[in-house]
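Subject: Structure handover

Hello,

Here is the structure we discussed. Please open it alongside these notes.

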Amino acid sequence: MSATARINATVRRVPGWVLYVVGAAYAGWLFYLGATGGLGVEPIEALEHRYGKIAFQLILVGLAVTPLRQHLGLNLMCWRRAIGVLAFFFVLAHFLVWAVLDVQQISAMWADIVKRPYVTIGMVGFLCLIPLGLTSNNWSVRKMGAAAWRKLHRLVYPAAVLGAVHWVWLARGFQLEPLIYLAVTLTLLATRFRTQKARVA
């Protein structure tokens with residue numbers, strides 16, 4: 001059995017709920033570190049950034065599921081929904097830390113959204129993900145129909161780009177890491193669009 005086949009067999013044996021438990025436990029652990037001084041002298045900012053980074057990484061993993069299967073034979077399809085739900089969970093946690101612990105007032109939130117472009121872009125990306133998080137269940141697929149459900153979930157494409165731009169714009173000075181993530185995002189999207197175009201042709 002090849003290494004890819006062994007990985008696929010292992011993935012099939014691990015149910016999606018395990019990912020939920022691990023993700024929730026890690027989010028709780030980070031919050032505990034922030035509350036007890038384990039995230040440095042600016043725990044709220046550190047927690048906000050850690051949640052946001054994990055969310056973005058999970059979005060990229062979700063976008064990579066199809067290319068990995070098509071080009072490398074690595075099949076993570078059984079985890080794709082769990083990955084997407086966890087991505088939304090961490091985006092929501094990122095937003096709540098910013099709104100509740102950092103900004104704290106609705107008027108200040110609105111001022112940030114209007115006056116700071118990187119916050120505006122991040123908020124638009126978050127709004128794109130809300131319907132995806134709410135419809136990531138079997139009932140929604142049956143109610144909407146598979147075709148409409150898949151079309152709605154393409155909102156993850158602009159959300160990913162907006163998230164990457166949000167991070168690049170947020171970074172102070174020239175930082176290579178967010179630029180690398182932006183490049184990875186655009187590469188994954190280009191790969192998916194090429195695949196979809198080939199299917200249509």
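A residue is called buried under 20% relative accessible area, exposed over 50%, and partly exposed in between, using a 1.4 Å probe and protein chains only. This is a predicted model, in which local features need pLDDT of at least 70 and side-chain atom pairs count only at pLDDT 80 or more, while totals for chains, interfaces and linings use all residues. Numbering starts from 1 along each chain as its sequence is written, and side-chain values use heavy atoms, with hydrogens and water left out.

**Salt bridges**

The rule is a side-chain nitrogen of Lys or Arg within 4 Å of a carboxyl oxygen of Asp or Glu. It gives two salt bridges. Lys53 and Glu177 form one of them, at 2.6 Å from N to O. Lys53 sits in helix H3 and Glu177 in helix H10, so this pair ties together parts 124 residues apart in sequence. Helices are DSSP runs (H or I, at least four residues), numbered from the N terminus. Glu177 is partly exposed at 34%. Lys53 is partly exposed too, at 29%.

Asp112 and Arg116 also meet in a salt bridge, at 3.4 Å from N to O. Here Asp112 is buried, at 13%, whereas Arg116 is partly exposed, at 39%.

**Core**

A nonpolar core is a set of buried Ala, Val, Leu, Ile, Met, Phe, Trp, Tyr and Cys residues joined through side-chain atoms within 4.5 Å. The largest has 51 residues, and Tyr51, Ile59, Leu63, Trp98 and Leu129 touch the most other members. Helix H4 gives the most to this core, with 13 residues.

Contacts are heavy atoms within 4.5 Å. Leaving out residues up to four places away in sequence, Trp98 touches Asp112, Met109 and Met123, among others. His94 belongs to H4 (residues 80-103) and is buried, at 18%.

**Helix H6**

The 18 residues of H6 should span 26 Å at 1.5 Å a residue, and the end C-alpha atoms agree, being 26 Å apart. The expected span is 1.5 Å times one less than the number of residues. Buried residues of H6 include Val119, Met123, Phe126 and Leu129. The buried set packs against H3, H4, H5, helix H8 (146-152) and H9.

Best wishes

Key
Helices (H or I, at least four residues) and strands (E, at least two) are DSSP runs, numbered from the N terminus.
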